[in-house]
Amino acid sequence: MKEYYRQRASQYDRFYEVPERYHDLVGLKAWLVERVRGRTVLEVAAGTGYWTEVAATAAEAITATDYNHEPLSIAVDRRLGPHVTLLTADAYAMPKFACRFEVGMAHLWWSHVERQRRQEFLSHFASRLQPQATLLMIDQTYVGRKMLERRGRRAAQKSDHRHRRLLRACRARPRGRAAGQRG
Ligand SMILES: C[S@@+](CC[C@H](N)C(=O)[O-])C[C@H]1O[C@@H](n2cnc3c(N)ncnc32)[C@H](O)[C@@H]1O
């Protein structure tokens with residue numbers, strides 16, 4: 001996996017350029033910014049720093065780590081500011097930091113953690129965070145065609161219900177002057 005991400009570093013951000021992801025990304029960015037505002041953040045597997053850049057607009061300070069130097073060198077080009085430190089480190093063997101962080105971030109990472117290493121990773125990550133720290137993990141779920149069709153049908157039904165409610169409300173309204181119309 002190390003080699004895979006080392007080689008893919010320069011193409012990695014294309015993942016975020018797929019038009020179908022646009023609306024999800026807008027929502028997720030807003031969600032993330034509100035959760036890191038004014039707080040200190042430790043990020044593991046930061047990659048090219050896509051989410052680091054988003055968080056950097058609001059966080060007090062971020063230490064973003066990844067075990068590959070190549071993606072981090074792309075993050076350097078983002079000019080994230082003096083409050084962001086980029087560090088090469090293994091998610092399972094991070095250095096001890098001077099302070100514990102208020103927020104932990106690990107995006108598109110959980111699916112890389114083998115089931116038998118989950119406890120190890122979480123304990124290690126938690127050891128670098130404050131006791132009541134917030135843990136933020138954005139990840140991807142595969143949604144098959146059938147599921148998409150079902151969602152589409154549900155959305156259509158919902159808007160149909162809304163439409164019918166509106167019609168009923170219009171019919172119930174007395175004829176004559178429209179609301180707010182002066183005589
Ligand atoms: C799917 S990418 C996610 C990058 C970034 N968090 C994002 O959401 O765009 C996974 C990243 O995990 C890093 N990685 C894989 N194993 C790691 C490990 N044991 N320790 C630290 N980073 C690791 C890879 O170098 C790669 O940059």
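The structure is a predicted model, in which local features need pLDDT of at least 70 and side-chain atom pairs count only at pLDDT 80 or more, while totals for chains, interfaces and linings use all residues. Residues are numbered from 1 along each chain as its sequence is written.

The chain contains six helices and five strands; these elements are DSSP runs numbered from the N terminus, helices being H or I of at least four residues and strands E of at least two. Read from the N terminus, their order is α-α-β-α-β-α-β-β-α-β-α. Of the 183 residues of the chain, 20% count as buried. A residue is buried if 20 or more other C-beta atoms lie within 10 Å of its own, exposed if 12 or fewer, and partly exposed in between, with C-beta atoms placed from the backbone. Among the contacts in the chain with a separation of 6 or more, 64% are made by residues 24 or more positions apart; a contact requires that the C-beta atoms of two residues, placed from the backbone, lie within 7 Å.

Helix α2 (residues 22–36) has 15 residues and reaches 21 Å from its first C-alpha to its last, close to the 21 Å expected at 1.5 Å a residue. The expected span is 1.5 Å times one less than the number of residues in the helix. Just after α2, Gly-38 adopts a positive phi of about 70°.

Strand β2 (residues 61–66) is largely enclosed by the rest of the structure, because five of its six residues are buried. Strand β1 (residues 40–43) runs parallel to β2 and is joined to it by four bridges; two strands pair if DSSP finds at least two bridges between them. The chain passes from β1 to β2 through helix α3 (residues 50–56) in a right-handed β-α-β crossover. A crossover is right-handed if, with the strands pointing away from the viewer, the path from the first strand over the helix to the second runs clockwise.

Strand β2 is also joined to strand β3 (residues 84–88), by five bridges, and these two strands run parallel. Thr-65 stands opposite Leu-87 in β3. The passage from β2 to β3 leads through helix α4 (residues 69–77), and this β-α-β crossover is right-handed.

Strands β4 (residues 101–105) and β5 (residues 129–136) run parallel and are joined by four bridges. Within this pair, Thr-134 in β5 is the bridge partner of Val-103. Together with helix α5 (residues 118–126), β4 and β5 make a right-handed β-α-β unit.

Most residues other than glycine have a negative phi. Arg-79, in the loop between α4 and β3, has a positive phi near 50°. Arg-79 counts as exposed because 9 C-beta neighbours lie inside 10 Å. Leu-108, in the loop between β4 and α5, likewise has a positive phi, near 50°. Leu-108 counts as partly exposed, with 16 C-beta neighbours inside 10 Å.

Glu-53 lies in helix α3 and counts as partly exposed, having 19 C-beta neighbours inside 10 Å. Leaving aside neighbours within four places in sequence, Glu-53 is in contact with Arg-78 and Leu-80. Glu-53 and Arg-78 are 25 residues apart along the chain, and their C-alpha atoms are separated by 7.3 Å. Ser-123 is placed in helix α5 and is exposed, with 9 other C-beta atoms within 10 Å. The C-alpha atoms of Ser-123 and Tyr-92 are 9.3 Å apart, although 31 residues separate the two in sequence.

The ligand has 19 residues around it, of which Tyr-5, Ala-45, Gly-47, Tyr-67 and Ala-91 come nearest. A residue is near a molecule or strand if its C-beta atom, placed from the backbone, lies within 6 Å of it. The shell around the ligand divides into 13 nonpolar, four polar and two charged residues. Here Ala, Val, Leu, Ile, Met, Phe, Trp, Tyr, Cys and Pro count as nonpolar, Asp, Glu, Lys and Arg as charged, and the others, Gly among them, as polar.
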